[in-house]
Structures are given as structure tokens and as C-alpha cells.
Amino acid sequence: MTEYHDLIVIGGGPAGLAAACAAWEKGVKDILIIERDKELGGILNQCIHNGFGLTYFKEELTGPEYAGRFIKMLFDTGVKVRTDTMVLSITENKEVHAVNNFDGYMVLRAKAIVLTMGCRERTRGAIGIPGDRPAGVLTAGAAQRYMNIEGYMVGKRVVILGSGDIGLIMARRMTLEGAKVLACVELMPYSNGLNRNIVQCLNDFDIPLYLAHTITDIVGKHGRVEKVVVSAVDENRRPVPGTEMEFDCDTVLLSVGLIPENELSRNAGIEIDRRTSGPVVFENMETSIPGVFAAGNVVHVHDLVDFVTGESQRAGRAAADYIAGSSAAGGADLELANGEHVNYTVPQKIRLAGVDKAAGVFFRVNKVMAAGTVRVMSGGVQIAAFKRQHMAPGEMEQIQLPRALLEKAQGTVTISVEEANA
Amino acid sequence: MVDVTIIGCGVIGAATAYELAHYDLRTVVVERENDVSTGTTKANSAIIHAGYDPEPGTLMARLNVEGNRRTKEIAARLDVPCKEIGSLVLAFDEADVKTVEELYRRGVANGVPGVRVLSAQEVQALEPNLSKEVKAALLAPSAAIISPWEMCLALAETAVKNGVELRLNSPVTAIEKIEGGYRVTAGDSVIETRTIVNAAGVHADQINDLAAPHAFTTRPSRGEYYLMDKSQGALVDHVIFQCPNKDGKGVLVSPTVHGNLIVGPNAEDVADGDDVAVTAAGLDFVREKAAKSVPGINYRDSIRNFSGVRAVTDQPDFVICESPAAKGFINLGGIKSPGLSSAPAIAAEAVKLLAGAGVELKEKASFDDSRSRVRFKELSSKEKTALVEKDPAYGRVICRCETITEGEIVDALHSVIPPVSIDGVKRRCNPGMGRCQGGFCGPRVQEIIARELGISQQEVLQDKAGSRIIFGQTKQKGGAAQ
């Protein structure tokens with residue numbers, strides 16, 4: 001039995017919720033969200049700290065509150081939801097194979113699909129930390145789930161590797177629950193987390209941050225972590241002998257980066273950007289398969305959920321246009337390229353017909369800069385420039401490229417950043 | 001008094017138990033850890049070697065070739081993932097070409113089926129992602145890849161189903177000679193036994209010394225590995241070796257039966273046979289060597305590093321014999337590579353030696369030699385539909401990376417040798433083996449283990465004894481206390 005829907009949204013976290021609500025508002029009346037967890041809300045459900053919504057709602061919410069606002073909005077629509085349901089595959093012709101323990105194995109068809117599967121954490125294996133492999137080495141997000149959803153302590157004496165936001169948040173969280181956080185260790189000479197989290201989660205609790213350091217050994221011969229060795233690293237990120245510090249601890253939390261979850265996208269044949277690990281998208285968040293859109297952390301890892309919401313609403317509205325037969329189609333008019341100090345851009349492609357007044361472009365820089373100029377070039381000509389104070393890899397940048405300027409561009413548009421002289 | 005006590009339940013102990021289960025005997029297996037397959041058996045290259053490597057005339061040569069054949073038969077019967085994909089030994093210069101020719105001759109002498117030397121063009125046609133520097137290669141079509149821990153589990157489960165008694169958490173601390181046999185102290189057990197099979201892996205030398213004069217010394221040699229995401233799993237289609245050197249068969253690159261890519265090992269002498277740490281230097285070495293064979297491996301896709309310890313001894317060959325000074329005490333020692341490949345043949349040797357020591361082998365009237373388990377993700381849409389209709393637990397996917405369902409985890413928890421840890425479940429049905437390494441499914445698997453075994457979530461271990469995962473509930477007095 002095949003079930004038909006106009007729009008299927010894969011993933012009921014913040015991105016999926018915003019995309020579904022936006023598509024509903026634009027007139028799509030047959031929408032299904034498929035969520036693998038038991039509840040809607042995605043990772044926000046375990047983010048019980050505040051700081052969400054400052055941009056979008058202009059007030060400070062916790063993760064569950066932010067998700068709750070959208071879940072409430074969703075309940076006022078006729079969007080259908082299947083939770084505790086796993087999508088096993090999607091196909092180029094928009095067939096979705098899914099399974100759960102009440103409907104069984106399902107084959108669903110849709111006119112359009114929005115991919116909002118989010119991201120996962122990099123693990124110990126991804127960065128090859130030497131040492132024993134005892135229990136007590138876990139990702140910060142897994143620890144967050146144990147503590148905030150399941151209600152269990154994951155350790156008493158903790159060293160955190162990586163200064164990503166989840167790690168910083170967990171440093172504070174574990175401290176408040178009575179654990180001793182001995183150190184936060186960051187390989188790079190700067191933190192990848194938001195500055196406000198460094199201040200509120202480390203400094204306020206006197207937790208030392210060791211920049212340009214890494215864990216060079218994990219010791220745990222009796223089943224659980226007993227000790228870690230931390231060393232300074234040189235400019236090539238190699239440990240410097242003689243700089244070893246030992247920490248007696250029972251837990252190592254890893255906050256060493258996030259990877260968009262694109263196994264479904266890859267298997268469907270969607271083009272993936274090597275730099276973002278997410279789908280290559282047009283200005284309306286459409287992927288290389290017409291009618292399949294993507295938004296949120298599955299496209300590129302965001303710092304703030306507010307931007308996920310905005311991007312996902314764009315994808316939801318574009319999916320509505322696609323279903324109505326009124327969206328831009330065909331290949332790209334412009335391709336965005338990464339110039340100096342730019343790691344990636346989203347979108348990677350622009351169709352002028354899809355740009356209303358301006359196209360918003362997200363990007364990340366590859367080094368910390370006190371000030372600089374973002375230059376937008378095409379055919380050797382600068383079509384726009386933006387001055388910025390303080391840029392860092394840990395903080396996503398955004399520029400708006402007015403349609404009038406894009407019309408002057410041809411072929412490739414290169415975005416680069418020129419560092420101001422210190 | 002029991003007839004046979006097997007010490008150690010890695011693949012050698014399990015294979016011996018499986019062989020002995022065919023006979024009317026009282027056999028007990030004692031294992032130090034809380035599960036089978038926790039030592040060298042779970043941490044190696046997962047290769048069933050063809051058998052061209054050992055020098056003709058050695059035990060290793062004979063048992064490898066025989067074991068290769070028998071392993072495939074048993075794997076097929078007991079539903080163990082095993083694929084005959086063939087292996088290549090690459091030659092990069094003239095000296096290597098000579099080595100390859102020598103390996104070819106050994107292969108022929110050892111009775112390895114189908115070995116032949118390929119030209120550079122033939123190698124490139126077969127494996128386009130190999131280095132362009134390859135001058136020639138030895139092809140051994142009978143080499144296979146396997147799930148080593150599942151092989152061990154399948155053998156042990158089948159043995160237990162057919163009457164062998166398995167005692168876990170039972171480290172052997174004393175062996176005493178008594179009238180007509182031995183008294184073995186193993187954890188809480190004291191077992192009086194007519195004979196003993198020593199299958200204690202890297203610790204086999206110490207076990208020998210409890211019962212007999214010193215016979216051999218283990219010199220543990222550790223090998224470190226990378227396990228890569230499935231996105232790298234199709235980089236090569238064969239097991240890719242370099243020419244062997246004094247430290248072993250060198251760094252290999254191979255697909256695994258689970259669809260990943262395995263890269264390693266190095267060889268480093270370690271003092272402690274239980275030291276399975278990985279090191280920065282070891283991993284650097286593995287990457288550097290592997291690049292010589294397969295330059296395009298993307299280490300950003302590494303999902304896990306691990307190491308295992310080879311039971312290398314001061315003797316060149318396997319040590320398989322009845323102790324001359326201790327009647328009925330059979331050593332299966334020094335089982336380094338190709339130990340996994342030889343396991344069923346080593347077990348058959350052990351049975352012969354036991355018969356020689358006076359154990360009477362009377363074949364049982366019936367032997368239950370069947371085993372199968374549900375692998376949801378490998379089923380067709382139609383089969384999946386039918387399975388979930390029959391039992392909805394197979395419709396609930398717990399491990400998203402590997403698509404492992406609650407039904408499969410429940411099956412594992414009620415299998416013949418029930419696991420007590422998250423890694424024990426992982427070895428049986430693979431949740432947590434994927435790219436997120438259990439980050440998402442770990443807490444859910446823990447919950448299912450607690451529910452099915454009737455224990456609290458806090459008692460569920462990650463792996464071996466002492467590997468506790470959680471320290472009580474939050475919001476308790478004194479912070480993280482109890």
C-alpha cells in the first residue's frame with residue numbers, strides 16, 4: 001500500500017517544524033512530518049538551558065520552550081505527524097520508505113520532500129585520541145541526553161575536549177549537578193563556541209580553558225576512565241613533548257564538531273558539498289533533485305536555532321511553490337565560490353528567478369579576525385563589500401546580496417574576506 | 001569429575017567446545033571475562049587467510065589451509081557473516097616481486113587453491129584505487145573476510161546448546177594435580193576435570209605454568225587499526241596486503257563483512273597482554289604504510305580506532321601439544337596469525353590430542369547444528385513488512401546508523417549466551433557499530449538491556465567488569481553521590 005502526501009518533511013526538530021509550518025501557511029494542506037524520536041522538537045528537547053530565540057522571538061527561551069512554540073503552532077495546522085518512525089530510504093522519484101511499530105513498513109510518495117535530519121556529533125574515532133578505550137568517554141550531546149532526558153549523572157570528575165557550544169554548556173550543567181569539571185581543552189588557539197558560552201559556562205565557574213592543547217592519552221585499565229594526559233600543541237597542532245599535564249578524572253566529554261546527517265540524501269543521489277558535508281543547495285534550499293529541499297543542520301551546522309528557523313521557513317515556502325508549480329527551475333545562473341578565508345557558503349548556487357529582493361548567504365571564515373571586509377566578486381569586478389568587526393570560525397556570518405547586484409554578476413561569484421591590518 | 005575443561009572462550013576455546021559438543025562428554029568452558037570473544041578474537045584484521053604465508057611443513061601452514069575451508073563451512077551453517085573476496089599481496093619493487101613469487105610457491109606447496117601472480121595491468125583492472133606503483137601481486141581467491149566475534153559467539157552458542165557448560169567471570173587462578181586429573185580454581189568455581197585444554201590466548205603461557213613446567217613465553221605484539229565509515233567500504237574489493245616482513249603480514253586495507261573499511265595493523269611489543277591502548281605513533285605508522293597501497297583513504301571518515309594483541313611466543317610455530325610433563329593438559333598456545341583462520345582446524349587437533357590422552361570420543365546421537373538470527377536491514381521490503389506484522393518490535397529502529405531494531409536487540413538479550421553489556425549487545429546484533437558509535441542509541445540500548453534482564457539502568461555496563469556508564473541519578477544529595 002502506497003500512501004500519498006503533497007509534502008513529506010523528514011525530521012521533526014526545529015528545522016522540520018519551521019519548514020512544515022511555513023509550507024502550511026503557503027497553502028500546502030497535505031503535509032506529513034516523520035520523526036524518529038518519540039517526541040517532536042529534536043535536540044532542543046535536551047537543551048534545557050536558556051539563550052534560544054533572542055533573534056526570532058526577541059526573548060530568551062530554553063530549548064524545549066523554543067521547540068514548544070513551534071509544536072503549538074503546528075497543532076493549530078492540519079499537519080500530520082508520525083513519531084517514533086524511522087525513514088530507511090528516499091528515492092529520486094520521492095518515494096519514502098519508513099518503518100515503525102504501529103504502522104509497520106510503509107512506502108510513502110510525495111510531490112515534494114524537505115530534508116531536516118539535523119546533524120550528529122563527531123566521536124573519539126573521528127579524531128583518533130590515543131589511549132585506552134574505557135567507559136566514560138562520551139560525546140557532550142550523549143552526556144546531555146543522559147542528564148537532561150534520562151536523569152542520570154555520567155561522571156564526577158570531568159575533562160572536556162573541544163570548546164564547541166555543547167561542551168561548554170555541559171561544563172556548566174555538570175558543575176551545577178555537583179560534578180567537578182577540571183578543564184576544557186581546545187586544540188585550536190581559539191574557541192569554536194560562542195563567546196557568551198565561554199563567559200557564562202567556563203569563566204563564571206572558574207573552569208580553566210586550555211587553548212592550543214589536546215588530550216594525548218586516556219588511561220583506564222579497569223573499565224572506566226582514570227586519568228587523561230593533556231599536552232600543548234604547536235602551530236601544526238602536534239603535541240609538544242614536555243608539556244604534559246595529568247588530570248585524575250572519570251569522564252571525558254567530547255565536543256569536537258558536528259557532522260550533518262546525510263546518509264539518506266547520499267543514498268538518494270543528492271549532490272553533497274564536501275566542505276559542509278551537507279547537500280549543495282540553491283537560494284531556495286532546493287537540492288540537486290528537483291522538489292527535494294533541505295534546511296537546518298542537515299545542510300550546514302548552525303550556531304543559533306533562530307537561523308535554522310529562518311532557513312527552514314525558506315525551504316518550506318519553496319516546497320509550497322514547487323508543489324504549486326510556481327518555483328524557479330533549471331540550472332544555476334550563478335555559482336558561489338569560496339575565496340580567501342572563506343570555508344564554505346550556503347547556498348552554493350543561485351537562480352535569479354528564485355531571488356525576491358535579495359539572496360541571503362551564510363558563510364564561515366577560517367580564522368579569527370579583529371576586523372575585515374567581505375568582498376563579493378564576479379568576473380574580476382567587485383559587486384559588493386561589507387565591513388565586519390570580529391569574525392571567527394565559531395560564529396556564522398550572513399550577508400544579503402540584493403537582486404540588482406546579482407543581476408550584474410556572471411558565472412561565478414566569489415566571496416572572500418580581507419583581514420584589516422591590525 | 002568432568003571430562004574436559006577448556007580455559008578461555010575466544011575463538012580457539014569456542015571452536016574446541018564446538019567440536020567436543022559433538023561427543024558424549026562433560027565439557028566445561030571457563031572464561032575470565034563477562035562475555036565470550038573479548039580478547040584477541042574481537043580485535044584483529046577479521047581475515048580468513050588463504051594460507052600461502054606460513055612456511056610449508058609448519059603447523060600454521062597445514063592448519064591455516066584446512067581452517068580456511070572449515071571456517072567457511074561452519075560460517076555458512078551457523079549464519080556467521082563470511083565472504084570469500086580473495087586477497088592480493090602487492091609488490092612495489094623487484095625485491096617484492098621475488099617475495100610474491102616465493103609466496104606463490106609456498107601457496108602451491110601448502111595446497112592453497114587458485115593462487116596466481118598477476119601483472120600490474122591485471123591488478124589495476126581488478127582494483128583501480130590501488131597505488132599506480134604496484135608492479136605485480138599474488139592473488140589468493142580463497143581468502144575471506146569474517147565477523148570474528150560472531151564466529152566465536154556462534155561456536156560457543158552452538159556448543160552450549162549441545163550441552164557444553166560455559167562459566168563466565170571465572171578467571172583461573174590455580175590448577176592442582178589430583179588423582180586421575182586436575183582441580184581447577186576458576187572464580188567461584190572449583191572444577192575437577194580429567195583433562196584441560198589451555199586456550200587462554202596471550203595468557204596461555206601463564207596458564208601452562210600453573211599446571212606444568214614452563215614451556216613457552218608469550219611476547220605480546222600489539223596491532224592498531226582504523227575502522228572507516230561505510231562511505232569508504234567500497235574503496236577496495238579484496239583484502240590488500242603488502243609483502244610480509246619480520247613483524248608480520250604488514251598493514252592491510254580491506255572491506256569488512258559489515259561494509260566498513262579496516263586499515264592496519266602495526267606491530268609493537270608490549271609488556272602486558274591486556275594492553276589494548278592505541279598510540280599516536282602507531283596510528284601515524286598505519287596511515288603512512290596504508291597510503292603506499294591505497295593512497296585515497298579519507299581519514300576524516302574514521303569511526304573508531306582499536307588495537308588487539310597477538311599471542312606471539314618465543315617459538316615460531318603454534319604451540320599445540322599435550323604437555324610432556326602434565327598428562328591430559330593440552331596447550332593451544334601461541335595462536336597468533338593465522339589463528340582465527342585456523343581455529344576449526346586447531347580445534348580438531350585438540351580433539352585428537354584429547355583422544356590420545358584417553359578421552360573417549362563417542363559421537364552423540366543428535367547434534368543441533370543450526371543457528372540463525374534476524375538481520376532486519378538485509379531483508380527485502382516484503383520480508384520487512386511481514387516481520388513487523390508478526391512482531392512490531394522489529395518496526396522500532398534503535399540504532400539509526402546501522403538500522404538495528406528493538407526486536408533484534410531483544411533477540412540478542414534472550415540468546416543462548418545472553419550479553420550483560422552494551423558492547424555485548426553490539427557484538428551480537430551490531431547497534432552502536434556505525435558512524436555515531438552509539439552516541440544516539442547507547443542510552444536506548446541500555447534501557448532495553450535493563451528492562452529485558454530485570455536490572456537497573458545503572459547496573460548496565462559498557463563492556464567488561466568495571467565499565468560502569470552512569471553514576472546514579474541527578475538531583476541527589478552530595479551531587480554525584482551514589
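First, handedness: a crossing is left-handed if the near helix is turned anticlockwise from the far one by less than a right angle, and right-handed if clockwise. Helices (H or I, at least four residues) and strands (E, at least two) are DSSP runs, numbered from the N terminus.

Some housekeeping. This is a predicted model, where local features need pLDDT of at least 70, side-chain atom pairs count only at pLDDT 80 or more, and totals for chains, interfaces and linings use all residues. Residues are numbered from 1 along each chain as its sequence is written, while chains are lettered from A and ligands numbered from 1 in the order in which they are written.

Start in chain A. Take α4(A), residues 140–150, and α5(A), residues 165–176: their axes come within 9 Å and cross at roughly 40 degrees. Axes are lines fitted to C-alpha atoms, for helices over the stretch in contact, and angles run from 0 to 180 degrees between N-to-C directions. The two helices, α4(A) and α5(A), are therefore oblique to each other. On the cut-offs, under 35 degrees is roughly parallel, over 145 roughly antiparallel, 65 to 115 roughly perpendicular, and the rest oblique. The crossing of α4(A) and α5(A) is left-handed.

Who touches whom? From α4(A) come Ala140(A), Gly141(A), Ala143(A), Gln144(A) and Met147(A); α5(A) brings Ile166(A), Gly167(A), Met170(A) and Arg173(A). Contact requires C-beta atoms, placed from the backbone, within 7 Å. By class, that is five nonpolar, three polar and one charged. Ala, Val, Leu, Ile, Met, Phe, Trp, Tyr, Cys and Pro count as nonpolar, Asp, Glu, Lys and Arg as charged, and the others, Gly among them, as polar.

Now chain B. The axes of α10(B), residues 406–413, and α12(B), residues 442–453, come within 10 Å and cross at roughly 45 degrees. That makes α10(B) oblique to α12(B). Their crossing is right-handed. The contact has seven nonpolar, no polar and two charged residues.

Last, the strand. Is β7(B), residues 136–140, mostly covered or uncovered? Mostly covered: five of its five residues are buried. Buried means 20 or more other C-beta atoms within 10 Å of the residue's own, exposed 12 or fewer, partly exposed in between, with C-beta atoms placed from the backbone. Ala136(B), Leu138(B) and Ala140(B) point one way, Ala137(B) and Leu139(B) the other.

β5(B), residues 87–91, runs antiparallel to β7(B), joined by five bridges. Ser87(B) partners Ala140(B). Strands pair if DSSP finds at least two bridges between them. β6(B), residues 116–119, also pairs antiparallel with β7(B), over four bridges. There, Arg116(B) partners Leu139(B).

Definitions and conventions. Contact = placed C-beta atoms within 7 Å.
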